[in-house]
Every structure is written in structure tokens, then in C-alpha cells.
Amino acid sequence: MSSVQETSGLAAESYLTEHTVGSWLLTTDHKRIAILYLVSIVFFFAIAAVAAAMMRVSLLWPDGRLVLPETYNKLFTIHGVLMVWFFLIPSIPAVLGNFVIPMMIGARDVAFPKLNLLSWYLFMLGGAFVVYSVIVGGVDTGWTFYTPYSTTFANPNVITMVAGVFVAGFGSILTGLNFIVTIHKMRAPGMTWFRLPLFIWSLYSTSLILVLATPVLAITLLAISVERIWGLGIFDPNLGGDPVLFQHMFWFYSHPAVYIMILPGMGVVSELITCFSRKKIFGYYFIAFSSVAIAVVGFLVWGHHMFVSSQSMYAGMVFSILSFIVAVPSAIKVFNWTATLYKGSITFETPMLYALAFIGLFTIGGLTGLFLAAMAVDVQLHDTYFVIAHFHYIMVGGMVTGFMGGLHYWWPKISGRMYPELLGRIAAVVTFVGFNLTFFPLFVLGYLGQPRRYHSYPPEFHIFHVLSTAGASILGIGYLMPLIYLVWSARYGERAPANPWGATGLEWRTPSPPPRDNFEETPLVTDDPYDYSAIEAELIDQTGLR
Amino acid sequence: MPEVHPGTAHQFETAEQQRDADIIGMWTFLATEVMFFGGLIMCYTFARFTYPQAFQAASHRLYVIYGGPNTAILLCSSFTMALAVRAAQMGQRKSLVTCLALTVLFGLAFLTVKGFEYHTDFVEHLVPRWDFKWQGAEARHAELFFWLYFTLTGLHAVHVTIGIVVLATLAIMAWRGRLSSDLPIEISGLYWHFVDIVWVFLFPLLYLVGHR
Amino acid sequence: MPFHLIPPSASTNAGDVDAIFWALTGLSVFILTIVFGPLTYFAVKYRRGSKADRTPPRLATWKFEVTWTIIPFIIGMGIFAWAADVFFHIETPPSNALEVDVVGKQWMWKLQHAEGNREINELHVPIGQPIKLTMTSQDVIHDFFIPAFRVKQDVVPGRYTTEWFTATKVGRYYIFCAQFCGTSHSSMIGWVDVMHPVDYQRWLVTTGQGETMATAGQRLFNQVGCSGCHGVSSKIHAPRLEGLYGGPVPLEGGQVVTADDKYIRDSILLPASQIAAGYQNLMPSFAGRLSEDEVMQLIAYIKSLASEPSPGSNP
């Protein structure tokens with residue numbers, strides 16, 4: 001399928017045309033809501049990134065002289081809270097998912113557009129509470145709010161911060177609910193379940209977790225607040241409670257939450273790998289079912305965060321074995337993506353660079369998860385820098401990389417403009433190098449024994465921190481670059497055609513940027529997804545005909 | 001463009017699609033509700049196995065004389081709700097209004113009984129942190145039981161109240177002939193049955209622990 | 001500064017843990033090779049414009065899928081079993097272990113040897129002897145982590161947790177708190193001093209308190225009033241404590257529990273939660289009147305009581 005050049009000197013009317021404040025803040029257009037989310041998550045990411053920068057700079061001195069211990073503790077707390085709930089969880093679903101899902105399935109909008117807008121307002125209200133809690137002095141419990149520290153010993157700002165997460169949680173429940181109904185009921189004629197792009201399968205699985213896990217977080221946060229405000233003993237043993245109960249309740253949500261954070265990234269990678277190798281995905285059914293399997297089994301492994309918590313050894317064994325099982329579908333995906341490249345016709349535009357980086361970094365992150373699932377080894381590694389390295393490889397090396405890949409891929413559709421390709425590739429490489437330098441040394445640091453959340457540390461660990469901070473400064477440049485050139489391109493970039501990548505998928509059959517209702521006429525789907533041909537791509541390339 | 005029913009929102013192709021979406025939406029919403037109550041019940045179950053004597057003693061202080069009849073009342077209300085849904089589907093306006101009104105009355109009866117029950121609990125100093133008094137061992141664990149009891153039944157009562165308001169509104173609209181489709185009744189029916197089912201779980205869990 | 005990739009291996013368990021760690025590292029390198037290898041190879045061979053055969057392959061793809069599902073599954077189960085086995089060993093202290101009690105609090109460690117020696121942020125132990133730590137916290141959750149021994153366990157308020165090791169190399173090794181516990185979490189550092197048995201004995205003698213934990217416990221038993229009900233000459237109908245430790249205790253309500261450390265601690269601090277069969281709920285709680293250290297001393301005393309009270313040991 002060849003792409004059609006559509007250039008026009010004047011901008012045609014699109015969903016972006018109206019630009020009053022009201023038309024943005026009261027929009028029910030899923031595409032505009034996606035952009036509202038995009039702007040807000042970048043804002044929260046910036047705050048969390050500054051916190052990370054301050055931590056990494058402070059860690060250049062083993063005695064932590066740069067900031068007070070309490071300040072350091074508040075920094076890692078706000079970094080975690082903002083990154084988890086106000087950046088990672090909404091990133092692909094609320095930005096790319098909101099924008100792309102209706103278009104990918106041939107619909108005019110999501111099933112409940114007003115609920116969609118409400119979800120953004122809940123998200124912002126929650127964010128306001130969290131930012132406020134920082135302004136009035138900050139919270140130092142860590143994003144995990146372990147009891148009884150958070151309920152009895154920490155400062156009262158905990159309640160404000162917890163309230164913020166509570167409110168934002170309802171926003172994410174609404175997003176998940178909307179996606180589930182949309183995917184079930186709004187597919188265009190001919191778009192059967194197994195003709196859906198894998199991005200949709202991933203987001204569907206993500207939405208299942210969003211609606212089923214988040215309510216448990218709400219109850220957990222409610223319980224913390226009750227104990228804190230009224231002194232009712234739920235978790236504090238001095239008040240008659242059980243501190244490990246908190247850990248069960250918290251991780252019952254927070255483990256599935258990490259799958260909320262990675263499944264969408266995997267969905268993006270499936271789209272990018274096929275498009276940029278001009279090949280049908282290898283193992284469509286296996287990848288689709290793996291997404292669902294990860295969502296389901298992900299609910300059964302929460303105790304692997306608690307092997308040394310005084311949880312029973314036998315319960316631990318059940319969680320450990322299930323944790324090894326949940327790794328299998330992810331492995332299946334990695335092998336399938338790699339096999340997709342075989343006999344493809346591969347190019348290395350920016351989105352593809354991010355997709356390839358995802359596969360490499362996610363694999364490393366996933367493999368190090370096996371170390372943590374192995375109980376005897378987890379005894380050594382639990383709560384050390386090894387865990388930090390592991391989840392940053394998955395979250396940053398995986399999810400953020402996937403987000404950047406997807407953002408660049410769909411940028412022409414979203415903004416109607418091309419981003420500068422050379423800068424895009426440079427930023428991708430800079431990010432990759434910076435990321436590895438920041439986080440790989442932390443694996444070694446972890447096995448050596450440095451615990452996490454340490455403001456100061458023994459001098460023999462110094463070299464690892466120096467390497468890591470050096471990497472972080474490079475990583476920072478890698479993230480700053482797209483922030484600048486994407487914003488620049490929205491105004492000055494080359495105008496994009498409807499399908500700059502020659503990709504399959506219904507979203508590419510509308511203009512860039514699309515009109516308010518996405519399609520002139522409801523599409524009729526007759527092809528399987530990923531109807532690419534590598535041979536044809538080579539032919540086109542050779543003959544110069546596009 | 002296919003013929004669109006005037007009441008269909010613009011993102012939907014057909015009224016049928018909108019109807020299906022609304023129903024799936026309600027089912028998904030109910031799934032989240034299961035997890036809300038489920039989270040609290042998980043907490044309750046854990047605490048019950050950790051403090052068995054205290055929870056048993058505390059559960060004894062609940063009045064099955066209130067809880068039992070309330071269970072019956074809600075079950076009856078689910079029956080009248082099912083009748084209302086059927087009446088709506090058959091287009092029988094009078095039946096519909098009657099059944100909705102009965103459901104609302106049952107709901108109000110439930111809340112009234114609950115009100116008396118809460119009052120009794122208050123008078124007996126069983127409200128956590130509010131002049132809570134406990135004779136016997138493990139006062140704090142007993143207080144935890146009562147917190148879970150009030151939170152679970154209180155959250156449930158809030159859901160019942162919302163249901164009553166919605167059903168009452170629908171009853172009035174039906175009576176005035178303003179209801180053009182049976183969809184709102186069907187969806188509210190799903191919600192109401194769910195609220196009933198939650199109670200069917202709460203009653204034995206809270207009231208019947210160790211009752212021989 | 002010498003550059004280390006792994007901490008010193010200074011306990012009997014360390015080697016077993018390291019073996020799994022290195023096996024996993026090897027497995028990871030292998031898997032990365034079989035992923036990165038083909039990834040790079042395909043990216044180069046099949047890049048746009050290269051002369052490679054791109055006729056669509058006629059592969060039975062399901063064979064690949066089954067293979068790369070089953071093999072990782074089997075490997076995963078193998079590692080699980082190996083690690084679970086070593087974990088079981090890490091969690092099961094040998095019966096001949098020397099007992100040391102640990103109380104963690106913001107932001108220091110208090111340790112008591114059975115012989116009575118007390119330490120702050122330091123733990124002297126003899127080489128080659130299993131040591132069992134019984135730990136609790138006075139406030140929030142802490143964690144007693146000794147990287148060189150590959151052992152770690154959360155130290156939880158309101159309960160006892162245990163950890164054990166046998167040191168194999170003389171030296172000084174870090175103790176880190178590995179569960180965030182507040183402002184000075186990173187300062188809660190201590191050292192394990194592993195000594196030759198002769199040096200350890202000498203250390204015990206020179207730093208002795210003059211009373212063992214059990215003797216201290218006996219002193220408390222009298223001071224705080226336990227002997228009033230539980231003493232041999234008491235007229236109150238209270239359970240006898242001689243020979244109690246380790247044995248079964250029938251409770252009111254039919255349950256039978258074992259009189260372990262947890263049972264005794266709960267009996268002192270939450271007596272109403274488990275009434276012994278045939279007795280009434282009369283014992284007052286000592287919560288707030290005894291520190292965790294003192295409770296541990298009382299437990300040591302009760303452990304030391306033989307089944308028959310011998311003359312001269314009566315309070």
C-alpha cells in the first residue's frame with residue numbers, strides 16, 4: 001500500500017482550528033483531551049525530573065552534604081508519586097490512547113466523551129492536591145506510604161498527598177472504563193477483534209487493570225487517612241493494627257499498576273516494528289493473548305514485593321512461582337517482535353530507533369526481574385539499588401521510550417507537522433546512551449548492598465554514583481531535545497501528509513491533522529492488520545516511485 | 001449516513017450501538033464497584049483471621065434482628081425492580097410506575113431500619129472513635145471491626161440512597177410519560193441488583209461470624 | 001579504593017546465593033545474546049535497499065511460539081525451585097544457634113546477647129557458629145541487612161522476626177537498615193565484627209554486663225510484679241511458667257498454641273488476646289511499662305526456667 005502525498009499551502013479545517021480557551025477546556029473531542037493530558041503530564045514530568053536531578057547531584061557526595069536528609073526523602077517521594085500516577089500511568093493511555101483508539105477502530109469519538117473530559121479534570125484536581133502538599137512542606141514517606149511510618153510518624157501533609165492520588169485514581173478508572181466500552185462497541189464494520197491492531201489489544205488489557213485494580217488503591221488510601229486522622233488502629237500495632245496488612249493492600253494494586261505502565265508501551269512497539277520493517281507482525285494471536293495474560297496473572301503476584309516482610313514462606317513460594325509465570329508472556333512478545341524483522345525492509349526513522357531501544361532495554365529490565373522473583377536472591381536485592389535499576393529499565397527504558405516512539409510516530413497525525421528527523425534520531429541515541437550510563441551501574445551497586453532511599457552512603461560506593469549522575473545529565477539532554485523541537489515543529493515543522501509513514505491502520509486514512517469527527521464516512525474494514533509487503537517496499541524504494 | 005434516532009449522541013452510529021455501549025458501561029462500572037467493596041472485604045477478611053476472638057465478640061454485638069429483615073427487604077426490592085424492568089420492556093407504564101415506587105419504598109424501608117440500627121449502635125457506644133466503649137479483651141481490634149462494619153454498610157447505604165434517588169426520578173418521569181425508552185430502567189436495574197448482591201455478601205460476613 | 005563487583009562472601013549461605021545470582025547473570029547474557037544477536041543481524045541484513053532474499057517465509061510459526069513459550073517456562077520453574085530451596089534454608093535457623101536479640105528504633109540498633117552483653121549498632125559474633133537474631137522494632141518498620149552474609153529481614157513493630165547466619169570469615173561487615181524509616185534512615189548503619197572464638201570469649205568477658213539476659217529478666221520478673229501471680233509461692237491462680245517455653249498451651253475456646261517468643265510477648269503486652277484454658281482474664285497488660293528490650297529479657301528468663309522449680313531459684 002503506497003502512501004499518498006497530500007500537501008496543501010493552506011491549513012485545512014481540522015480539530016485544531018478553533019482556538020478559544022473555552023473550546024479547549026470544555027472540549028469533548030478525544031483528540032483535544034489527549035492534548036490536554038499531554039501538556040499536563042509534561043508539566044508533572046518536569047517537576048519529577050527536577051527532583052531526580054537534585055537527587056542525582058546530591059548523590060555525588062557520599063556524605064550527602066548538598067541537601068538535608070529530610071529534603072532528600074521528600075525529593076524521592078515526590079519523584080515517585082508524580083512519575084507513577086501523574087506521568088507513567090496516564091502517558092500512553094490518556095495521551096496516545098485517547099488520540100488514537102477511536103481513529104484506529106474507525107469511530108468518531110470514545111463511547112463517553114463527557115466522562116473523558118471529567119477524567120482529565122479529576123486528574124488535574126488530584127495533581128493540584130499533590131503539588132499543594134509539596135508547597136506546604138512536602139512528604140517524606142516514599143511513594144509507597146509504608147505504615148506505620150506514614151500513618152503515625154510522618155508529617156500531616158501525607159493526607160493531602162494521599163487525597164490527590166485518590167482523586168486522580170478516579171480519573172484513571174474513568175479512562176479505563178471508557179476504553180473498554182469503546183473497544184467493545186465502537187469498532188467500524190468489519191473490524192473484528194482479530195483485525196484490531198495490537199495497540200488496541202494492549203490498551204484493552206491495560207484498561208482491564210485500570211478498572212479492577214485502582215479501586216483497591218482508593219480503599220487503601222482511605223484506610224491510611226482514617227488511621228492518620230482519627231487514630232483508628234488498622235496498620236499501626238501501637239493502635240492495634242497490622243503493618244503488613246498495608247503492604248498486602250498497597251501491592252495488590254501497585255503490582256498490577258506496573259503492568260498498566262508497561263502494556264501500552266508494548267502496544268506501541270508492535271505498531272512501530274511492523275510499520276518500519278514493512279512486515280506483518282510475527283505471532284499476532286500470541287502477542288494479543290500475551291497482553292491479556294499479563295493483565296490477569298499480574299493480579300496474582302503482589303507478594304513478591306514482600307518476601308522479607310514476615311510474610312509466610314509458603315505464601316512467598318506461591319508468589320515467586322507466579323512471578324516466573326508472568327514473565328513468560330513478556331518473553332513471548334520480545335521474541336515475536338525480533339522475528340518480525342526477519343525478511344523485512346527496515347528503515348531507522350526516529351520511532352523505529354525508540355522501538356528497537358525498547359526491545360533491548362525492556363529485555364534487560366525483564367531479565368533482572370527474574371533475579372528479584374528468585375526468593376533467595378531477592379533476600380539480598382530487596383530494597384537495594386538493584387530494584388531501582390530494574391524498574392527504571394522497565395519504566396524509563398521501556399515505557400518512556402515507548403511513549404517517545406509513539407509520540408514521534410503519531411506526531412504528524414496529532415499536529416499536522418513533521419518533527420525534524422535528524423534531531424529526532426540524535427535525541428533517541430543520546431537518550432539511549434544516557435539512560436544506560438545512569439542505570440546500569442546501579443545493578444552492581446545493588447548487589448554490593450547499597451539500600452535504596454539513602455541520602456548518604458559509604459564512600460566505597462562513590463564511583464557508581466558518579467557514573468550514574470554523569471549518565472543522568474546526558475539523559476536529561478536527551479529528553480530536553482524533543483521537548484524543544486516538538487514544540488517548535490508544531491508551529492514551524494514541515495506540513496505532514498495523511499500518511500507520512502505509509503502505515504496500515506485506519507488512523508492514517510484521515511488527513512493530518514484530522515477533522516473533528518475523524519472520518520468523512522465510517523470506514524469499512526476488510527483487511528487483516530499489518531498488511532505490509534517488504535518486497536513491495538524494496539521495489540518502491542528502488543524505482544523511486546512512492 | 002444511516003438513520004439516527006434523535007436521542008442518539010453524535011459519537012454513535014445507531015441508537016442500538018448507544019444502548020449497547022450504555023449497558024456495557026454500567027457492567028464495567030459495576031466491576032469497579034465490586035473491587036471497591038472487594039478491597040474493604042479483603043481488609044476485613046485479613047483482620048478477621050488475625051483477630052478471630054475480637055471479631056467474633058464484636059460481631060455478636062450486631063443485631064441480626066435489624067440485619068436479617070433488611071436482607072429480606074432488599075431481596076423483595078430486587079424482585080420489584082425485576083418486575084419494573086419487565087414492565088418497561090413490555091411498555092406497561094402503570095405497572096412500571098408501581099413497581100418502581102415499590103422498589104423505592106423498600107429502599108426507604110431498608111434505610112429506615114438501618115437508621116434505627118445505627119442509632120442503637122451509637123447509644124451502645126459502638127461507633128469507633130466517638131465515645132467507643134468496649135468491655136472485654138482487645139478493645140482496639142473490636143473497634144477495627146466496627147470501623148469496617150460502619151464503612152462497609154455506610155458505603156452500601158450511600159449506594160442505596162443514590163439508587164433510591166435515581167429510581168424515584170425515573171418513576172416520576174415514567175408517570176409523566178416522559179420516558180421514551182426502557183434503557184434507563186434496565187441500567188438502573190443492573191445497578192440496583194448489584195447493590196442487593198453486595199448486601200447479600202455483607203450480611204453473613206458481618207453479622208453471622210461465629211453465630212451458632 | 002578497591003573495586004568490588006560483589007560484596008565479600010562471609011557466611012555459609014553466601015555461596016549458595018551467589019551461585020544463583022551468577023547463574024541468572026549467565027542466563028541473562030545468553031538471552032540477551034539470542035535477542036540482540038538476531039535483532040542486530042536482521043536490522044543490518046534486511047535494511048531498506050540491501051540485497052537480501054525477502055520472499056515471505058513459509059514457516060510453521062506455531063512451532064516457534066510453542067518453543068519459546070515452553071523453554072522459558074521450564075527455565076523459570078527451575079530457577080524458582082532452586083531459589084526457593086535456598087530461601088527455605090535461609091529462613092530456617094539451626095537449633096544450635098546462639099541467640100541475639102535486636103531492637104530497631106529510629107535510628108539505631110540495640111542488640112543484646114544471651115550472656116547479657118549489650119551493643120549499639122554493632123554485633124560481635126564468633127566465626128563458624130550459627131547466630132539467630134530475634135528482632136522487633138520500637139516504632140516503624142526497619143530492616144536488618146548484612147550484605148556480606150546475604151541476609152535480610154524486615155524488623156516489624158508489634159511482632160518478632162528472625163534472621164540467622166553462620167559467619168565464615170573474620171572481619172568487619174556492614175549492617176544497613178533496608179526499609180525506609182524516616183529522616184535518618186541512611187545513618188542507621190552498623191557493623192558485624194566476626195572474631196575467632198577465643199577472641200569472642202575474651203570480648204564477652206571484658207564487655208559483660210554482670211548479668212545475663214535471663215538474670216536480668218529474673219530481676220525484672222520480681223521488680224515489675226510478675227512474681228506476685230506467677231511465682232511459686234503465689235496464692236493467685238495464674239499459669240505456671242516453669243517448663244512452659246516451647247510446649248503446647250491450650251487456650252480458652254479450644255485452640256492449642258505453642259509457647260514461643262511471640263506467645264510470651266503477646267501474653268505480656270496483650271494478655272487478653274489469648275486466655276489459657278482454665279484461667280480467667282485477670283492479667284493486666286504491661287504495654288507501655290516495659291521496653292522491647294525488657295520484654296526480651298523476660299522471655300529469656302522464662303526460657304531458662306526448668307520444669308521443676310529448684311530450691312534457691314525461687315523469687
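Student: How many residues of domain 1 of chain C are in contact with domain 2 of chain C?

Tutor: Two residues count as in contact if their C-beta atoms, placed from the backbone, lie within 7 Å. Here, eleven residues of domain 1 of chain C are in contact with ten residues of domain 2 of chain C. Please keep in mind that this is a predicted model, where local features need pLDDT of at least 70, side-chain atom pairs count only at pLDDT 80 or more, and totals for chains, interfaces and linings use all residues. Residues are numbered from 1 along each chain as its sequence is written, while chains are lettered from A and ligands numbered from 1 in the order in which they are written.

Student: Where are the bounds of the two domains of chain C?

Tutor: Such bounds come from an automatic or database domain assignment. For chain C, the assignment gives domain 1 (1–36 + 61–210) and domain 2 (213–304). Their C-alpha centres lie 31 Å apart.

Student: Which elements of domain 1 of chain C give two or more residues to the side that touches domain 2 of chain C?

Tutor: Helices (H or I, at least four residues) and strands (E, at least two) are DSSP runs, numbered from the N terminus. The elements in question are strand S1 (98–105), S2 and strand S5 (130–137) of chain C.

Student: What is the order of strands in the open sheet of chain C?

Tutor: Strands pair if DSSP finds at least two bridges between them. This open sheet has five strands in the order S4-S10-S9-S6-S7 (chain C), with mixed pairing. At its edges are strand S4 (122–126) and S7 of chain C, each pairing on one side only.

Student: How does S6(C) pair with S7(C)?

Tutor: S6(C) and S7(C) are antiparallel and share five bridges; for instance, His142(C) stands opposite Val155(C) in S7(C). Their hairpin has four residues between the strands, and Arg150(C) takes a positive phi near 60 degrees there. S6(C) is also joined to S9(C), again antiparallel, by two bridges. Phe145(C) has Phe176(C) of S9(C) as its bridge partner, and Phe144(C) has Cys177(C) of S9(C).

Student: Is S6(C) buried or exposed?

Tutor: We call a residue buried if 20 or more other C-beta atoms lie within 10 Å of its own, exposed if 12 or fewer, and partly exposed in between, with C-beta atoms placed from the backbone. In S6(C), five of its five residues are buried.

Student: Which residues of helix H4 of chain C are buried?

Tutor: In H4 (residues 213–223), they are Met213(C), Ala214(C), Ala216(C), Gly217(C), Gln218(C) and Phe221(C). What covers them includes strand S2 (108–113), helix H5 (226–230) and helix H7 (292–304) of chain C. After H4(C) comes Gly225(C), with a positive phi near 110 degrees.

Student: How many residues does each chain bring to the contact of chain C and chain A?

Tutor: Each side is counted separately: 72 residues come from chain C and 72 residues from chain A. H2(C) gives the most to the side of chain C, with 18 residues.

Student: What is the mean pLDDT of chain A?

Tutor: pLDDT is the predictor's confidence in each residue, from 0 to 100. For chain A the mean is 94, and 98% of its residues reach 70 or more. Over residues 1–10 of chain A, however, the pLDDT is below 50. Where pLDDT is low, the predicted coordinates should not be read in detail.
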